[in-house]
Amino acid sequence: MDTAILNSKTALIVVDMLNDFVTGALTCENAKAIVKPLEELVTTARKHHLTVIYANDAHYKGIDKELELWGDHAIAGTKGAEVIPELAPQQGDYVVPKRRYSGFFQTDLQLILTELGIENLIITGLHTHMCVRHTTADAYYWGYGIYVPQDCVHAFTTEDHQSGLEYLKNVYGAHICTSDELK
Ligand code: ZN
């Protein structure tokens with residue numbers, strides 16, 4: 001794996017590492033396993049001056065369609081919608097609220113990436129086959145180079161995680177790697 005992407009033209013995207021997804025309303029037991037490697041990767045990213053962007057569910061109760069499928073979670077303004085303490089955003093990071101699976105849909109993520117001259121994205125977080133997948137799809141449509149460290153994404157089941165990774169690789173040409181390969 002080339003570490004040549006550890007530069008200012010790369011952004012690290014952290015998707016939905018929120019209290020509700022790790023310990024709250026939609027707890028994903030597998031999420032706990034990615035906290036430590038992701039914490040280290042974020043530290044590495046900041047050290048190399050990568051842009052760190054959080055794409056966070058921030059749902060509107062009563063109108064967001066996703067809530068019909070999954071029940072109330074990550075309601076805007078609640079504790080559940082906050083990034084877990086271990087990965088709390090720092091000064092200089094960007095926090096992009098989203099109301100759909102993709103971090104790009106009706107958010108200003110694409111505008112931020114354009115303004116910063118970003119060419120490559122390292123996409124991490126939850127869940128491999130849903131919000132990570134839909135965010136990766138849009139990243140592919142916009143022409144970004146895509147890197148997914150497999151120890152920094154996960155899903156409710158190992159099957160969903162594994163098939164999700166396969167899909168990202170086969171359909172969007174994502175480079176599936178490990179976080180160690182990026183350091
Ligand atoms: Zn959601």
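Start your tour at His-127, which sits in the loop between strand 4 and helix 5 (131–141). Helices (H or I, at least four residues) and strands (E, at least two) are DSSP runs, numbered from the N terminus. Residues are numbered from 1 along each chain as its sequence is written, and side-chain values use heavy atoms, with hydrogens and water left out. The model is predicted: local features need pLDDT of at least 70, side-chain atom pairs count only at pLDDT 80 or more, and totals for chains, interfaces and linings use all residues.

**Stop 1: around His-127**

Select Leu-126 together with His-127: a cis peptide bond joins them, with omega at about -20°. Most residues other than glycine have a negative phi, and most peptide bonds are trans.

A cavity here is a set of points on a 1 Å grid over the protein atoms alone where a 1.4 Å probe fits but cannot get out, and lining residues have an atom within 4 Å of a point. Grid points are joined across faces, edges and corners, and a volume is the space filled by probe spheres set on the points. The count comes to 1 cavity of 30 Å³ or more, and the largest cavity has a volume of about 80 Å³. Of its 13 lining residues, the closest to the centre are Phe-21, Glu-66, His-127, Met-130 and Cys-131.

**Stop 2: strand 1**

Now select residues 10–15, which form strand 1.

**Stop 3**

Which residues have the most contacts inside the largest nonpolar core? A nonpolar core is a set of buried Ala, Val, Leu, Ile, Met, Phe, Trp, Tyr and Cys residues joined through side-chain atoms within 4.5 Å. The largest has 31 residues, and Met-17, Val-42, Ile-122 and Leu-126 have the most contacts inside it. Strand 1, helix 1 (19–22), helix 2 (31–47), strand 2 and strand 4 each give two or more residues to this core. Helix 2 supplies the largest share, 7 residues. Apart from this core lies another, of 25 residues, among them Val-15, Ile-123, Val-153 and Tyr-172.

Click on Ile-123 in strand 4. Ile-123 is buried, with a relative accessible area of 0%. Draw a C-alpha to C-alpha distance from Ile-123 to Val-148: they are 25 residues apart in sequence and 5.3 Å apart in space. Not counting residues up to four places away in sequence, Ile-123 touches residues including Ile-13, Val-15, Val-148 and Val-153, where contact means heavy atoms within 4.5 Å.

**Stop 4**

Select helix 4 (residues 109–116), where Leu-109, Gln-110, Ile-112 and Leu-113 are buried. They cover an arc of only 160° around the axis, which puts them on the same side of helix 4; the arc is that of the directions from the helix axis to the C-beta atoms. These buried residues pack against strand 1, strand 2, strand 3 (94–98) and strand 4. On the face turned away from the buried side, find the exposed residues Thr-114 and Glu-115. Just after helix 4, Gly-117 takes a positive phi of about 70°.

Move on to helix 5, whose buried residues include Cys-131, Val-132 and Thr-135. Among the elements covering the buried residues of helix 5 are strand 5 (145–149) and helix 6 (158–172).

Finish with Ala-74 and Gln-106. Ala-74 has a positive phi of about 45° although it is not a glycine, and Gln-106 likewise, at about 55°. Ala-74 is buried at 0% relative accessibility, whereas Gln-106 is exposed at 72%.

Technical notes. Buried < 20%, exposed > 50% of the residue type's maximum accessible area, 1.4 Å probe, protein only. 1 Å grid on protein atoms, 1.4 Å probe; cavity = no way out; pocket = protein on both sides within 12 Å on 5 of 7 lines; lining within 4 Å.
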